[in-house]
Amino acid sequence: MKKENTRTGIGISPKHRARIAEGLSKLLADTYTLYLTTHGFHWNVTGPMFNDLHAMFMTQYTELWNAVDPIAERIRALGHPAPGSYAAYGRLTSLPDAPDTPPKALDLVRILADGHEAVARTARAVFPLAEKADDQPTADLLTQRLDVHEKTAWMLRSVLEA
Ligand SMILES: [Fe+2]
């Protein structure tokens with residue numbers, strides 16, 4: 001299943017391409033899982049902060065949805081298949097699934113803040129591999145994702161400090 005395209009000759013060794021694709025697959029699974037959780041929280045948030053959080057979560061899930069495509073396509077450009085099933089994401093992600101019963105509004109915010117920090121850790125773990133392999137496009141992608149996840153974690157944590 002994990003069949004690599006050995007004809008890829010972009011100047012990154014097969015070993016490095018495999019390791020980076022593996023790391024990006026984890027980042028894809030984390031991003032997709034956090035997307036789904038955030039969209040679910042957009043639907044199920046309740047309480048006096050409804051308007052603010054409903055809108056904030058929409059901004060966040062839209063950004064996450066737009067992020068999965070470039071991550072998956074970078075994996076393809078490295079010559080590897082991009083995971084695209086719930087089973088694969090369940091195996092690869094470092095994030096817990098969203099709870100069946102929606103928690104209170106501030107607990108939703110806490111879960112999402114933890115989620116963004118977890119995705120940042122996953123992205124950061126791939127960075128040394130990309131640098132070692134002279135893989136600038138992956139390093140650039142990871143830099144952009146780290147910026148978003150760290151900023152979003154800060155915004156969510158700020159809601160909790162109110
Ligand atoms: Fe909506």
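## Basis of the model

Contact here means heavy atoms within 4.5 Å, and under that rule Gln-60 touches Thr-38, Leu-112, Thr-152 and Leu-156, leaving aside residues up to four places away in sequence. This is a predicted model, in which local features need pLDDT of at least 70 and side-chain atom pairs count only at pLDDT 80 or more, while totals for chains, interfaces and linings use all residues. Residues are numbered from 1 along each chain as its sequence is written, and side-chain values use heavy atoms, with hydrogens and water left out.

Gln-60 belongs to helix α2, residues 50-77 (helices are DSSP runs of H or I with at least four residues, numbered from the N terminus). With a relative accessible area of 8%, Gln-60 is buried (buried means under 20% relative accessible area, exposed over 50% and partly exposed in between, with a 1.4 Å probe and protein chains only).

Gln-60 is also one of the residues that line the second largest pocket, where the lining includes Met-56, His-116, Asp-147 and Lys-151. A pocket is an open set of points, on a 1 Å grid over the protein atoms alone, where a 1.4 Å probe fits and which has protein on both sides within 12 Å along at least five of seven lines; lining residues have an atom within 4 Å of a point. The elements giving two or more residues to this lining are α2 and α5 (136-161). The lining divides into four nonpolar, four polar and three charged residues, where Ala, Val, Leu, Ile, Met, Phe, Trp, Tyr, Cys and Pro count as nonpolar, Asp, Glu, Lys and Arg as charged, and the others, Gly among them, as polar.

## Aromatic pairs

The structure holds seven aromatic pairs, a pair being two rings of Phe, Tyr or Trp (its six-membered ring) with centres within 6.5 Å, called stacked if the planes are under 30 degrees apart, edge-to-face if over 60 and tilted otherwise. Tyr-32 and Tyr-35 form an edge-to-face pair, at 5.9 Å centre to centre and with 75° between the planes. These two residues are separated by about one helical turn, because they are three residues apart in helix α1 (residues 14-44).

The rings of Tyr-35 and Trp-65 have centres 4.9 Å apart and planes at 45°, so this pair is tilted. Since Tyr-35 lies in helix α1 and Trp-65 in helix α2, the pair ties together parts that are 30 residues apart in sequence. Tyr-35 counts as buried at 13% relative accessibility, whereas Trp-65, at 42%, counts as partly exposed. Ring pairs link Tyr-32, Tyr-35, Tyr-61, Trp-65, Tyr-86 and Tyr-89 into a cluster.

## The largest nonpolar core

A nonpolar core is a set of buried Ala, Val, Leu, Ile, Met, Phe, Trp, Tyr and Cys residues joined through side-chain atoms within 4.5 Å. The largest one has 42 residues, and those touching the most other members include Leu-27, Phe-57 and Leu-142. Helices α1, α2, α4 (105-132) and α5 each give two or more residues to this core, and the largest share, 12 residues, comes from α4. Leu-27 touches residues including Ile-71, Val-119 and Leu-142, not counting residues up to four places away in sequence.

Phe-41 lies in helix α1 and counts as buried at 4% relative accessibility. With residues up to four places away in sequence not counted, Phe-41 touches Phe-57, Ala-98, Pro-99, Leu-108, Ile-111 and Leu-112.

Asp-134, by contrast, is found in the loop between α4 and α5 and is exposed, with a relative accessible area of 55%. Although Asp-134 is not a glycine, this residue has a positive phi of about 60°.
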